[in-house]
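Dear colleague,

Please find below the structure I am handing over to you, with its sequence. My notes on what was found follow directly after it.

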Amino acid sequence: MATTKFQFIMRSGPVPGKVFLLEKEEAFLGRDLGNDFSVSDPEISRRHAHFYTREGGVFVEDLGSTNGTFLNGERITSPQQLRKGDLITLGESVQLIFDRLEETTDPTSIRTQVHPAPVYTTPAPQPHFVPEVEKEDLEPWQYPQPVDELPVQREAPAYEPPIKKTPAKRGLPTGMIVLLVAIVVLVCVIAVTMYFMPASWWCALFFNTLPGCPVPF
């Protein structure tokens, strides 16, 4: 015969892990010590909620509490049937988990003791020893001949000629190159200017001493 028990486990609140067992058809929860489930928390009303059983089911009802009763996150305004694993929140910080337990009480049932199956282990293989042969039982040609250990000859590493490093060629500094280019450009400008300069400028430049220049009075 199976019996059903209902309980509430405090998930968060004054005493986390505390279990409230519903042993009667109805029980009251509140801050007052006269309740069946007394919870000492300022957010709990003196008589906060009502739990009762009907036709094998458990129902929860809010008794007009100040901070309300919530079932799985929704505030309830009428009795609601509980299912295993439901989360009941009272106020903001007290949470209860509803649990349903099934117990079997059959006096005729006989508990059968199960013996573990025997475990057989295979013995580890023993090393096989070969009997030693006396030297007198061997023929002279069967004697083990000593083997001289030959020195190990190591090959000399191949000769590799040293790699000659070619010195890097250094060019003119950048500043010197810029100066030479500027001088060349300046010389070209002067040459072009002198080539196209009129004769009067040449006379003025050399104070009319060149042939063909006007003689000053």
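To begin at one side of the sheet, strand β6 (residues 57-62) pairs with β9 in the antiparallel sense, over two bridges. Within this pairing, Phe-59 stands opposite Gln-81 of β9. Please bear in mind throughout that this is a predicted model.

These two strands belong to an open sheet of five strands, ordered β4-β3-β5-β6-β9, with mixed pairing. Its edges are formed by β4 (37-38) and β9 (80-81), each of which pairs on one side only.

Strand β3 (residues 26-30) has two partners of interest. With strand β5 (residues 49-54) the pairing is antiparallel and runs over four bridges; here Phe-28 faces His-50 of β5. With β4, by contrast, β3 pairs in the parallel sense over two bridges, and Leu-29 has Phe-37 of β4 as its bridge partner. Strand β3 is also mostly covered, as four of its five residues are buried.

As to confidence, the protein chain has an average pLDDT of 77, and 63% of the residues score at least 70. Residues 109-115 have a pLDDT below 50, and this stretch makes zero contacts in the model beyond near neighbours in sequence. For residues 127-135 the pLDDT likewise stays under 50, and the model has two contacts for them beyond four places in sequence. Where pLDDT is low, the predicted coordinates should not be read in detail.

With kind regards

Methods. Residues are numbered from 1 along each chain as its sequence is written. This is a predicted model: local features need pLDDT of at least 70, side-chain atom pairs count only at pLDDT 80 or more; totals for chains, interfaces and linings use all residues. Side-chain values use heavy atoms; hydrogens and water are left out. Two strands pair if DSSP finds at least two bridges between them. pLDDT is the predictor's confidence in each residue, from 0 to 100. Contact means heavy atoms within 4.5 Å. Buried means under 20% relative accessible area, exposed over 50%, partly exposed in between (1.4 Å probe, protein chains only).
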